[in-house]
Amino acid sequence: NLIMRRSPSLSILSIRTSPAVTDRSMLIVGACCTMLTELDISNCYEVSYKSLEVIGQSCQNLRVLKRNIFNWIDPSEHVGIVPEDYLRECPQDGDREAITISKFMPKLKHLELRFSKLTTVGLNSLPVGCKELEVLDLFGCANLTSRGIDQAAANLKNLETLVKPNIYIPRSSFHMGRYGHWQLYDERFQTNVFQI
């Protein structure tokens, strides 16, 4: 906190994978680091959409936001590296975060939401508020379909790089009642980066 208070001209801040970073911490970041152009708060599970609102209102120059989370689809890759209780605190409201980003960060050019749990609802909010996006990274976002992503991408006129989920989810991973048919299963992604 002391460092942030003494660095009002700080433009790039990475505080990824820090359990000590909370919404309260982000209030200080928003108040003291108004010149931020790039922020990485990946894997900070004590940070919520409320922090994104504060940062968006305070840091008008923000162009890059990295809000990735750990791979919740296959947490085995983190065993022995990341404490299990930390992995269990995975943010649940990806849609609310995406909607907040759309509303309060209109000048973003680069947005990473790897393994976010957002759905089409949150994704569709991004082209409405973040019209200047050039890079959108949705790797591991298992709740999205290719149709939904293509529709959102078509509404982002400046988009140059789109990273699709690139995951394979076996049928047995989902209960039939969730979709009622296999059409969405067939739309899951196998393509990583799509250059427009």
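Let's start with glutamate 134, which is partly exposed, with a relative accessible area of 26%. Keep in mind as you look that this is a predicted model. Glutamate 134 forms a salt bridge with lysine 109, and their closest N and O atoms are 3.8 Å apart. The two residues are 25 residues apart and link distant parts of the chain: lysine 109 sits in the loop between α5 and β4 (110-112), while glutamate 134 belongs to the loop between α6 and β5 (135-137). Lysine 109 also counts as partly exposed, at 29% relative accessibility.

The whole structure holds seven salt bridges. One of them pairs arginine 114 with aspartate 137, with 2.7 Å between the closest N and O atoms. Here too distant parts of the chain are linked, since arginine 114 is in the loop between β4 and α6 and aspartate 137 is in strand β5, 23 residues apart. Arginine 114 is partly exposed at 30% relative accessible area, whereas aspartate 137 is buried at 6%.

Lysine 164 and aspartate 150 form another salt bridge, the closest N and O atoms being 3.1 Å apart. Lysine 164 lies in the loop between β6 (161-163) and α8 (176-179) and aspartate 150 in helix α7, so this pair ties together parts 14 residues apart in sequence. In this pair the lysine 164 side is buried, with a relative accessible area of 10%, while aspartate 150 is partly exposed at 38%. Salt bridges with shared partners also join Lys109, Glu132 and Glu134 into one network.

## How α6 and α7 pack

Helix α6 (residues 120-129) and helix α7 (residues 146-154) have axes that come within 9 Å and cross at roughly 10°. The two helices are therefore roughly parallel to each other. On the α6 side, Leu123, Asn124 and Pro127 make the contact; α7 brings Gly148, Ile149 and Ala152. Sorted by class, this contact has four nonpolar, two polar and no charged residues.

The largest nonpolar core has 39 residues, and Ile101 and Leu136 have the most contacts inside it. At least two core residues each come from α2 (23-32), α3 (49-58), α5 (94-104), α6 and α7, with α2 giving the largest share, four residues. Apart from this core lies another, of six residues, including Phe70, Phe115, Phe139 and Val163.

What does isoleucine 101 touch, leaving out residues up to four places away in sequence? Its partners are Leu52, Leu65, Leu108, Leu111, Leu113, Leu126 and Cys130.

Notes: Residues are numbered from 1 along each chain as its sequence is written. This is a predicted model: local features need pLDDT of at least 70, side-chain atom pairs count only at pLDDT 80 or more; totals for chains, interfaces and linings use all residues. Side-chain values use heavy atoms; hydrogens and water are left out. Axes are lines fitted to C-alpha atoms, for helices over the stretch in contact, and angles run from 0 to 180 degrees between N-to-C directions. Angles under 35 degrees count as roughly parallel, over 145 as roughly antiparallel, 65 to 115 as roughly perpendicular and the rest as oblique. Contact means heavy atoms within 4.5 Å. Ala, Val, Leu, Ile, Met, Phe, Trp, Tyr, Cys and Pro count as nonpolar, Asp, Glu, Lys and Arg as charged, and the others, Gly among them, as polar. A nonpolar core is a set of buried Ala, Val, Leu, Ile, Met, Phe, Trp, Tyr and Cys residues joined through side-chain atoms within 4.5 Å. Buried means under 20% relative accessible area, exposed over 50%, partly exposed in between (1.4 Å probe, protein chains only). A salt bridge is a side-chain nitrogen of Lys or Arg within 4 Å of a carboxyl oxygen of Asp or Glu.
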